[in-house]
Amino acid sequence: MSCISCGTDWDVVRKSICSAYFHNAARLKGIGEYVNLRSGMPCYLHPTSSLYGLGHTAEYVVYHELVYTTKEYMRSVTAVEPQWLAELGPMFFSIKESHRSRVEKRKREKEMHQEMEKELEVKLEEDKKEEREKVEHIVRGRKKQKICTLGKKPPGTPKRTPLRLGL
């Protein structure tokens with residue numbers, strides 16, 4: 001097995017950590033306060049965490065463990081992208097659409113619905129036409145067919161009785 005380095009692209013490492021700990025994901029709520037995405041429990045960065053004194057806070061993080069002292073503190077924290085959570089844990093996370101895209105989506109759905117209704121009407125018209133043609137074919141076929149029964153003479157044939165034969 002060959003060993004391949006990611007070089008200076010740490011996103012590969014962060015994404016692999018996210019794939020393992022996506023169930024321990026948290027979102028920034030306030031200044032230094034995070035909320036677990038699954039349980040809604042508030043938690044904070046542990047003072048020994050490398051992300052604690054960076055000067056900027058990551059919007060989404062995953063953590064390895066929670067330590068409870070006076071507050072719930074997250075240890076072994078890594079900043080992640082929200083798209084990674086939706087990609088790696090689709091059973092728990094999804095990306096909400098913006099207002100504009102929701103309006104556009106509804107508009108597209110409405111247009112698709114109208115197109116499907118038109119197609120349905122055309123199909124129903126075709127089905128009715130085929131049914132009428134079948135009925136007309138059956139009716140025309142009945143007029144042409146003669147029903148023959150044994151022992152009966154077709155209408156319009158003269159009856160021969162012994163008197164008429166001269167007996």
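**Overview: burial and fold order in the predicted model.** Buried residues (under 20% relative accessible area; exposed is over 50%, partly exposed in between, with a 1.4 Å probe and protein chains only) account for 19% of the 167 residues. The protein has three helices and five strands, where helices (H or I, at least four residues) and strands (E, at least two) are DSSP runs numbered from the N terminus. Along the sequence they come in the pattern α-β-β-β-β-β-α-α. This is a predicted model, with local features needing pLDDT of at least 70 and side-chain atom pairs pLDDT 80 or more, while totals for chains, interfaces and linings use all residues. Residue numbers start from 1 along each chain, and side-chain values use heavy atoms, leaving out hydrogens and water.

**Close-up 1: the Phe22–Phe92 pair.** Searching the whole structure turns up two aromatic pairs. In the one shown here, the ring centres of Phe22 and Phe92 sit 5.8 Å apart with planes at 40 degrees, so this pair is tilted (rings of Phe, Tyr and Trp, the last by its six-membered ring, pair with centres within 6.5 Å; planes under 30 degrees apart are stacked, over 60 edge-to-face, the rest tilted). Phe22 is in the loop between α1 (11-21) and β1 (25-28), and Phe92 is in the loop between α2 (82-88) and α3, so the contact ties together parts 70 residues apart in sequence.

**Close-up 2: the Phe cluster.** Ring pairs join Phe22, Phe92 and Phe93 into a cluster. Phe22 counts as buried at 13% relative accessibility, whereas Phe92 is partly exposed at 40%.

**Close-up 3: Glu130 on its helix.** Glu130 belongs to helix α3 (residues 99-144). Its relative accessible area is 45%, so Glu130 counts as partly exposed.
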